[in-house]
Amino acid sequence: MKLFVLFLIILNPFSQALYLRELFEQLRFREFASVHFRATVYSFLILGTFAIIGEPILQYVFQVRLGSLQVFGGLVNLWVAYRFITAGEGSTLLFRGDVAELAPNITLPYMVGAGGLWISILMGRQYDILVACLMIAGVLLINLLFVLFCHRVFSATGSQLSTALTKGLAMLMRVMALFIGAIGVEMIFSGAETLI
């Protein structure tokens with residue numbers, strides 16, 4: 001259960017709702033739901049694969065130890081946390097172009113990262129493969145439902161309420177960033193211990 005919560009924190013649905021807000025305005029709910037559902041499926045396939053065979057892929061294909069991925073993931077999480085706290089919402093330049101190409105653009109920077117891959121491998125290590133995959137699917141489903149809920153709320157409310165909701169999400173995103181930064185530090189230190 002700890003890894004489930006940890007994964008949800010690293011995925012940070014609050015920040016996703018803010019980062020994807022421009023898409024909320026560009027795409028009708030049905031189009032957006034289709035794009036985000038595909039991004040969720042892509043993410044599940046990648047993360048599920050890493051839960052099942054991630055460690056052998058790292059060791060034998062990429063010649064990388066899990067501790068190295070953990071340290072790198074921790075550094076990335078620190079950078080992401082710093083950006084969330086100091087800059088708030090980030091660039092949405094990835095969301096230009098054809099709607100059919102948006103799902104991979106959402107998947108890689110926002111849903112699949114070094115921290116998510118590391119947690120997926122840990123889930124595969126600690127749990128039966130079916131349980132690990134169900135945990136990953138559960139986290140991704142919560143994320144999907146939350147982001148779709150935010151799209152509905154933003155679409156249904158006036159600009160004043162929408163601004164208030166944006167400020168609330170930004171505050172939650174920054175609070176979550178504190179935890180993400182702390183998790184990043186833990187990842188770096190425990191990864192370094194593993195490597196040494």
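1. Let's start with how the chain folds back on itself. Among contacts between residues at least 6 apart in sequence, 86% join residues at least 24 apart. Contact here means heavy atoms within 4.5 Å. Please keep in mind that this is a predicted model, in which local features need pLDDT of at least 70 and side-chain atom pairs count only at pLDDT 80 or more, while totals for chains, interfaces and linings use all residues. Residues are numbered from 1 along each chain as its sequence is written, and side-chain values use heavy atoms, with hydrogens and water left out.

2. Next, the parts list. The chain has 9 helices and 0 strands, so the pattern along the sequence reads α-α-α-α-α-α-α-α-α, where helices (H or I, at least four residues) and strands (E, at least two) are DSSP runs numbered from the N terminus.

3. How much of the chain is buried? Of its 196 residues, 47% are buried. Buried means under 20% relative accessible area, exposed means over 50%, and partly exposed is in between (1.4 Å probe, protein chains only). The accessible surface of the chain is about 10,100 Å², and carbon and sulfur atoms account for 69% of that surface. Such areas come from the Shrake-Rupley method with a 1.4 Å probe; for residues, only the protein chains shown count as cover.

4. Now look at one helix pair. Two packed helices are described by the angle between their axes and the distance between the axes. The axes of H4 (residues 29-61) and H8 (residues 129-156) come within 10 Å and cross at roughly 160 degrees. That makes H4 roughly antiparallel to H8. Axes are lines fitted to C-alpha atoms, for helices over the stretch in contact, and angles run from 0 to 180 degrees between N-to-C directions. Angles under 35 degrees count as roughly parallel, over 145 as roughly antiparallel, 65 to 115 as roughly perpendicular and the rest as oblique.

5. Who meets whom in that pair? Residues of H4 including Phe32, Phe37 and Leu47 meet residues of H8, among them Ile136, Leu144 and Arg152. The residues of the contact of H4 with H8 divide into 17 nonpolar, 6 polar and 1 charged. Here Ala, Val, Leu, Ile, Met, Phe, Trp, Tyr, Cys and Pro count as nonpolar, Asp, Glu, Lys and Arg as charged, and the others, Gly among them, as polar.

6. Phe37 belongs to helix H4 and is partly exposed, with a relative accessible area of 48%. Phe37 and Leu144 are 107 residues apart in sequence, but their C-alpha atoms are 7.1 Å apart in space.

7. Helices H1 (residues 2-11) and H7 (residues 114-126) pack at about 170 degrees with axes 10 Å apart, which makes H1 roughly antiparallel to H7. H1 contributes Leu3, Phe4, Leu6, Phe7 and Ile10, and H7 contributes residues including Trp118 and Leu122. This contact has 9 nonpolar, 2 polar and no charged residues.

8. Met176 sits in helix H9 (residues 159-195) and is buried, at 14% relative accessible area. Leaving aside neighbours within four places in sequence, Met176 is in contact with Ile9, Asn12 and Phe14.

9. Finally, two loop residues. Asn12, between H1 and H2 (13-19), has a positive phi of about 50 degrees although it is not a glycine. Is Asn12 buried or exposed? Asn12 is buried, with a relative accessible area of 0%. Gln63, in the loop between H4 and H5 (66-86), has a positive phi near 55 degrees and is exposed, at 62%.
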